[in-house]
Amino acid sequence: YYEAPLDVWEHFAALCEYATFKKNEPIKAAGKVDRYGYFLMEGTAGALVWKENTQICTDIYLEGDFFADDLSLFTGKPSPIEILAFEEAAALRIGKTNIEALQKTPIGRLLFSIGDQQGYLQKQQQQIDMMTQTAEARYVALLEKNPVLVQRIPQKYIASYLGITPQSLSRIRRKIAEK
């Protein structure tokens with residue numbers, strides 16, 4: 001988190017619009033161009049891509065998270081990423097034009113730089129964890145970070161995010177419950 005002056009956040013909010021999404025409603029459809037960045041105020045969501053006949057969850061978003069289909073938003077091209085509301089959700093969304101205007105201000109450049117750096121670090125850590133930790137260790141870490149996650153996000157997406165099948169996740173959950 002970065003503590004910016006209140007007037008900065010008021011300026012940011014003035015560039016946004018309020019949007020709501022129903023459970024299982026696409027926030028951004030696969031194969032479409034994303035034109036917004038989002039700040040999730042309520043609910044949960046996730047970034048999904050199709051692999052054969054299965055959706056793979058690459059990211060999970062919770063209240064207080066900024067997110068977008070960056071691949072599409074910043075290239076202006078469609079991407080295979082779908083962003084789906086996992087439950088009823090409310091967000092502030094900011095259009096690409098307003099993002100670009102905000103990035104031209106000194107504080108906007110700083111905030112986007114910090115956000116980009118944090119996003120990169122989180123993704124890199126996620127990749128390292130996938131390669132070096134067991135599925136059980138990744139699940140335990142996910143629970144430690146946000147214990148209510150398992151009640152709010154469908155198990156198939158949690159399993160996919162962890163790189164395992166829903167059946168493997170069930171076995172891991174049983175094993176942890178027995179301890």
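Modeller: E87 is buried, its relative accessible area being 18% (buried is under 20%, exposed over 50%, and partly exposed in between, with a 1.4 Å probe and protein chains only). The model is predicted, so local features need pLDDT of at least 70 and side-chain atom pairs count only at pLDDT 80 or more, while totals for chains, interfaces and linings use all residues. Residues are numbered from 1 along each chain as its sequence is written, and side-chain values use heavy atoms, with hydrogens and water left out.

E87 pairs with R152 in a salt bridge, N to O at 2.5 Å (the term means a side-chain nitrogen of Lys or Arg within 4 Å of a carboxyl oxygen of Asp or Glu). R152 sits in helix α6 and E87 in the loop between β7 (82-85) and β8, so this pair ties together parts 65 residues apart in sequence. Helices (H or I, at least four residues) and strands (E, at least two) are DSSP runs numbered from the N terminus.

R152 also forms a salt bridge with E63, with 2.7 Å between the closest N and O atoms. This pair, too, links distant parts of the chain: helix α6 covers residues 149-152, E63 is in the loop between β5 (54-61) and β6 (66-67), and the partners are 89 residues apart. The shared partners join E63, E87 and R152 into one network. R152 is partly exposed at 21%, and E63 is partly exposed at 34%.

The whole structure has six salt bridges.
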